[in-house]
Amino acid sequence: MEQQSMFESERDLPLAARLRPRTLDEFVGQTHLLGEGKVLRRLIESDRIGSMIFWGPPGVGKTTLARIIANRTRAAFIDFSAVTSGIREIRQVMEKAEKNRIFGARTIVFVDEIHRFNKAQQDAFLPFVEKGSIILIGATTENPSFEVNGALLSRCKVFVLQALKTEELAALLRHALTDERGFGGQKVEIADDLIEAIANFANGDARSALSTLEMAVLNGETNGDAVRVTRESIEQITSKKSLLYDKTGEEHYNLISALHKSMRNSDPDAAVYWLARMLEAGEDPLYVARRVTRFAAEDVGLADPRALELAVAAYQACHWIGMPECSVHLAEAVIYLSLAPKSNAAYLAYERAKKDALTMLAEPVPLVIRNAPTKLMKELDYGKGYQYAHDAADKLTDMQCLPDSLLGRTYYRPTEEGTEARIASRLAEIKAWKKRHAAGLSPAANPVKGRSSPPQDHGSHPEGNE
């Protein structure tokens, strides 16, 4: 439990701590959970709280909500930090909770940043949650699906807390200027548009909004008993927004997903925005460049073969010059890929082939398309009957290249988008030719230039007869 020093005045606390809501009516935001008649509000007001996890970004009220529950509930409340506590501390708390249960008292254990606990630490809570010794309330900024044990998660109701809206933050800031716990005892002059600027800068984080206001007031111009917050000071304080971003957490994957899907949806403006969000938050440009290169093949493919060239060039530029200069190279690639014709035919072709490769009988390579670099291999009919396509008049043969069990399989199915329309036409011609020549054609029936099989020494062909 946190304790306040006898020498510490409430006025010495940060503004965000002084203004921490004490009741549901003072709580700002989360109306989808705490509005009149909403499920979480009803549970709190009726004192029927069960084990739950609050999941949301920083500064949206997870800890505050737990404290409000503590003030309303008739249960003992233990504030527990996942940062400073280990297995020994957990067991001590559980023993205390078990004694409370024996005497008919409930215990609420609030665990801040529960995602920081490892599996063994989380498992220590499980038996006590199961038999009702404790009501567990966890708070996390990370997706509990990934960070909380499945067994524990299944016994907790997850409530998703959302980033505060700009208008909610602005209302909170105005309240701070009038509340006696805030600046209600001072005369603070600040324009409405500057309050809006602070609310926008806070990026949905109430703590950040209040801290920014506090800094602005403390650095304001004093005129008698009044303090005037100037536009210049606000511009200095808010010159660099700290974007919510964790390179290993869920937001990392949310943002790269947003970039990928915006490009797929041919929306260059959205794509560039998500690119900027990632880069300005400190993402490794080479990571973005790798994902952009993957997109070029997966979602554009042969509809525009130049897309892959441009993506690889952007990756090389990022490697050579780094940030911030390479941001323009990535922007160029992202815009190009957003506007390029789209085809996932190459991606789907591989996925179809992969499925067969993993699930079908692993047949040996047909003898006709095997190399025969040794005498023994030739005696075993390696390469026997091989038809060298370059020697055919049409540069085509009816030779079978797939195993017998996969004969007739179609993996690549081109679209009619961009360059792939021409590829589709060419593929149709090839298939029509092979269909006409499929039945019993001899090598002589195929016009060739000189011979129907490759030279046996393979010397003029770097890859043998492949």
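This is a predicted model: local features need pLDDT of at least 70, side-chain atom pairs count only at pLDDT 80 or more; totals for chains, interfaces and linings use all residues.
How many bridges join S3 to strand S4, and in which sense do the two strands run?

Residues are numbered from 1 along each chain as its sequence is written, and side-chain values use heavy atoms, with hydrogens and water left out.

Back to the opening question: 5 bridges join S3 to S4, residues 135-140, and the two run parallel. Two strands pair here if DSSP finds at least two bridges between them. Strands are DSSP E runs of at least two residues, helices are H or I runs of at least four, and the numbering starts at the N terminus. If you want a place to look, isoleucine 108 has isoleucine 135 in S4 as its bridge partner.

S3 also pairs with strand S2, residues 76-81, in the parallel sense over 6 bridges.

How enclosed is S3? Of its 6 residues, 107-112, 5 are buried, so the strand is largely enclosed by the rest of the structure. Buried means under 20% relative accessible area, with exposed over 50% and partly exposed in between, using a 1.4 Å probe and protein chains only.

Next, please find the open sheet of 3 strands, with order S6-S8-S7 and mixed pairing. Its edge strands are S6 (187-189) and S7 (221-223), each pairing on one side only. S7 is joined to S8, residues 226-228, by 3 bridges, and these two run antiparallel. Within that pair, threonine 222 stands opposite valine 227 in S8.

Last topic, the cysteines. The structure holds 0 disulfides, a disulfide being a pair of cysteine sulfur atoms within 2.5 Å. So what about cysteine 318 and cysteine 326? The sulfur of cysteine 318 has its closest cysteine sulfur in cysteine 326, 3.7 Å away, and that is too far for a bond. Cysteine 318 counts as buried because its relative accessibility is 3%. Cysteine 326 is buried too, at 0% relative accessibility.
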